[in-house]
Amino acid sequence: MSYDILESDFNKKLSTAYQLSILIGMDSLVYFAFDTNNNNALLLRAIPYVQMPGTEGFSLTDELKKIFAREDLLSYLFRRVKITMPDVQPVLVPARLYNEYEKTTYFTELMSQGHSDSIQNDEVEELALQILYPTDPTLMALLKKQFPTAKFYNNATPYLLGCRKTIDEERTHNLFVHFTKKNIYISLFDKKNLQFSNSFKYQTAGDVLYYVLLTYSQHSLDPTQQPLNISGQLLENAEVYKTLFRYIGEIRFVPFPNFLNFSRKFNEVPPHFYFDLFSLALCK
């Protein structure tokens, strides 16, 4: 889906008061800006790549170069720039067990599958976690050239912070599932404490149902009583949603986050679609 929303309040002369958030997706780049003084959403643009991954000659860095060359807004000076890297399954390490000098060890199996040996870590103090993931040095070089002051994150980092911020405090447990093009991220909170989180590759609706019901079973939760909160790239007419609906008593799409303010111009955007992008506002 392609979106292009620009509020009349956006003023390029005041961009140093704004945060620019960027989501580098599998098939598009999406960017969002808000005023850090009042948390008002100012713009949202989703730009599909000309070539799609899997097609001959596809290069993510080339696609991004083309976008950077024609998107004048991305050359403005922003107060903060925060970027989620392409969807890569992370390793979550409890902070008390984390060793800065053992980053590569956590990815021994991933390395055998051809992943980069450049490992980045996101420290998430609120959850006492270190989130580790491999990055592409060529891609990182391009992004740092375009955005010298940017901070980078795995998409699990804003997602988990967003979940913690939006839990239903009247419930003991809150269960979330976030969809990307190739992975699902399932997380369970006990009050504000992260009890379980994992990511899984999926291809079919049956794959998703298996992992979701397995999470319910492993934590002794009743699918007819425990709501499932959904975010990411999923719509109600999708086969995945229809399959989950047969087994889960209550499915909720996460709303627009309450830590940002959205005008009626954003009504055309499914609130749950860019939950991780909006939640970059919570990343340190």
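Q: How are the angles between helices in this predicted model defined?
A: Axes are lines fitted to C-alpha atoms, for helices over the stretch in contact, and angles run from 0 to 180 degrees between N-to-C directions. In the predicted model, the axes of helix α1 (residues 60–70) and helix α3 (residues 137–146) come within 10 Å and cross at roughly 15°.

Q: Why are α1 and α3 called roughly parallel to each other?
A: Angles under 35 degrees count as roughly parallel. The axes of α1 and α3 cross at roughly 15°, and the two helices are therefore roughly parallel to each other. Their crossing is right-handed.

Q: What makes the contact between α1 and α3?
A: On α1, the contributing residues are L60, T61, L64, K65 and F68, and on α3 they are T138, L139, L142, L143 and Q146. By class, the residues of this contact are six nonpolar, three polar and one charged.

Q: Why is α5 called oblique to α6?
A: Helix α5 (residues 205–218) packs against α6 at an angle of about 40°, and their axes are 9 Å apart. Roughly parallel requires an angle under 35 degrees, roughly perpendicular covers 65 to 115, and roughly antiparallel lies over 145, with the rest counted as oblique. The angle of about 40° therefore makes α5 oblique to α6. The crossing of α5 past α6 is right-handed.

Q: What makes the contact between α5 and α6?
A: From α5 come A205, V208, L209, V212 and L213, and from α6 come E239, V240, T243, L244 and Y247. These residues of the α5 contact with α6 divide into eight nonpolar, one polar and one charged.

Q: Why do β12 and β14 stand at the edges of the sheet?
A: The open sheet has five strands in the order β12-β11-β10-β13-β14, with mixed pairing. β12 (193–201) and β14 (251–253) each have a single partner strand, so one side of each is left without a neighbour in the sheet. From one strand to the next, the twist averages 20°.

Conventions
Residues numbered from 1 in each chain as written. Predicted model: local features only at pLDDT ≥ 70, side-chain atom pairs only at ≥ 80, totals over all residues. Heavy atoms only, no water. Helix = DSSP H or I, 4+ residues; strand = E, 2+ residues; numbered from the N terminus. Left-handed = near helix turned anticlockwise from the far one by under 90°. Contact = heavy atoms within 4.5 Å. Nonpolar A, V, L, I, M, F, W, Y, C, P; charged D, E, K, R; others polar. Pairing = 2+ DSSP bridges.
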